[in-house]
Amino acid sequence: MTNGSVFTRYEKNPLITPAAVPGANTIFNSAVVPFGDKYVGVFRVDTDDGGCGLHVGRSKDALNWDIAPRPLDIPNPYPVLGPQPMFGYDPRIAEIEGTYYVTWCNEYHGPAIGMAKTKDFKAFEFIENVLPPFNRNAVLFPRRFNGQYLMFHRPSDPGHTPFGDIFVCSSPDLVHWGHHRWVFGPRGGWQSKKVGAGPVPIETDEGWLMIYHGVKITCSGFIYSAGAALLDRDEPWKVLYRTRRYLLAPTEYYERVGDVPNVVFPVATLLDQKTGRLALYYGCADTCIGLAYAQLGDVIEFVKRNSFSSN
Ligand code: BMA
């Protein structure tokens, strides 16, 4: 069964299952980026001893992945912050001016946002816990704005957070973050409980395309779906369009059934500049990784045509 929008699921979904990593309980909510003529990723792996870490993966075709059996162990210059990021989840990767920045959620007295940088995905340098608890879904923009870095984030709580609005903030140095601006919060239906930024936004002629997750609550728990917004190119806290209809919602068995049922959690995209094909990598039911394709132009059209009349 497949719900229709402009995305088509990869016919061999789920793309990556826990079988990819020895000792994995689940592998999901993971980020991938182009790297030279290949691809790299930072994968969320929950292990059979209850651990939860970030594993580097490499691929020649972005479909078949070789994922490190051991989690990243990034040297931490601030021991007070605890090990980074042996316990980490929901990574995002942004390439800015030739350096790759990883943001993830860790447990520093509650969910906080860690950030590290790398050029080769072998040596990582820890930057800081850039946002204190309680926060999730920190996603960097892929370029600076008048010299400032920009980042989405979502203040949360120590648990499963029955609320959540998306904010954007800026920093001159990636360490000190301020100028927090509200972007948008929950609206009706599939996104009525909380929203959070997904993949690194894509700059288009029509504004920043931001794919995000929206959550609704039912009598048996949350349902996570994916939608998208177009944001102003210079002031991305200004929402131009935002989907009233979802782009992707859990309908397939692997999205419906898993450690956390009914979750489609968008985390990364790969854009083929030549063909305009957008590949969306998303977590499925907190258990495995799915892939879906759309034409970038079709996604933009969908967002414009299926938007709320006001934000
Ligand atoms: C969020 C995060 C995600 C997870 C989702 C659904 O709060 O923990 O990692 O996919 O809940 O369980």
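This is a predicted model: local features need pLDDT of at least 70, side-chain atom pairs count only at pLDDT 80 or more; totals for chains, interfaces and linings use all residues.
# Strands, core and ligand shell

Strand S6 and strand S7 (residues 99-107) run antiparallel and are joined by six bridges.

- Four strands make up an open sheet in the order S6-S7-S8-S9, and their pairing is antiparallel.
- At the edges of this sheet stand strand S6 (89-96) and strand S9 (124-131), and because each has a single partner strand, one side of each is left without a neighbour in the sheet.
- From one strand to the next, the twist averages 25°.
- As an example of a bridge, Ile96 has Thr99 in S7 as its partner.

**Arg92, a residue of strand S6**

- Arg92, which is found in strand S6, has 27 C-beta neighbours inside 10 Å, and because a residue is called buried at 20 or more, Arg92 counts as buried.
- Leaving aside residues up to four places away in sequence, Arg92 touches Ala31, Thr103, Val139, Val200 and Val267.
- Arg92 and Ala138 are 46 residues apart in sequence, and the distance between them in space is 7.7 Å from C-alpha to C-alpha.

**The sheet S2-S3-S4-S5**

- Another open sheet is formed by four strands in the order S2-S3-S4-S5, with antiparallel pairing.
- Its edges are strand S2 (24-35) and strand S5 (65-67), each of which has a single partner strand, so one side of each is left without a neighbour in the sheet.
- When direction is ignored, neighbouring strands of this sheet are turned by 30° against each other on average.
- Within this sheet, strand S3 (residues 38-47) pairs with strand S4 (residues 52-59) in the antiparallel sense over eight bridges, and Arg44 has Leu54 in S4 as its bridge partner.

**Strand S11 and its partners**

- Strand S11 (residues 149-155) has seven residues, of which six are buried, so this strand is largely enclosed by the rest of the structure.
- Strand S10 (residues 135-140) pairs with S11 in the antiparallel sense over four bridges, and the partner of Val139 in S11 is Phe152.
- S11 is also joined to strand S12 (residues 166-171) by five bridges, and these two strands run antiparallel, with Ser170 in S12 as the bridge partner of Leu150.

**The largest nonpolar core**

- The largest nonpolar core has 91 residues, and those that touch the most other members are Ile27, Met151, Met210, Ala228, Ala229 and Val299.
- Strand S17 (residues 221-231) gives the most to this core, contributing seven residues.
- Ile27, when residues up to four places away in sequence are not counted, touches Ile16, Thr17, Pro18, Ala20, Val21, Phe43, Arg44, Val45, Cys288 and Ile289.

**Around the ligand**

- Which residues are found around the ligand? They are Asn29, Tyr89, Asp90, His160, Tyr224, Val260, Val263, Phe265, Gly283 and Asp286.
- By type, the residues of this shell divide into five nonpolar, three polar and two charged.

Note on methods. Residues are numbered from 1 along each chain as its sequence is written. A residue is near a molecule or strand if its C-beta atom, placed from the backbone, lies within 6 Å of it. Ala, Val, Leu, Ile, Met, Phe, Trp, Tyr, Cys and Pro count as nonpolar, Asp, Glu, Lys and Arg as charged, and the others, Gly among them, as polar. A nonpolar core is a set of buried Ala, Val, Leu, Ile, Met, Phe, Trp, Tyr and Cys residues joined through C-beta atoms within 7 Å. A residue is buried if 20 or more other C-beta atoms lie within 10 Å of its own, exposed if 12 or fewer, and partly exposed in between; C-beta atoms are placed from the backbone. Two residues are in contact if their C-beta atoms, placed from the backbone, lie within 7 Å. Two strands pair if DSSP finds at least two bridges between them. Axes are lines fitted to C-alpha atoms, for helices over the stretch in contact, and angles run from 0 to 180 degrees between N-to-C directions.
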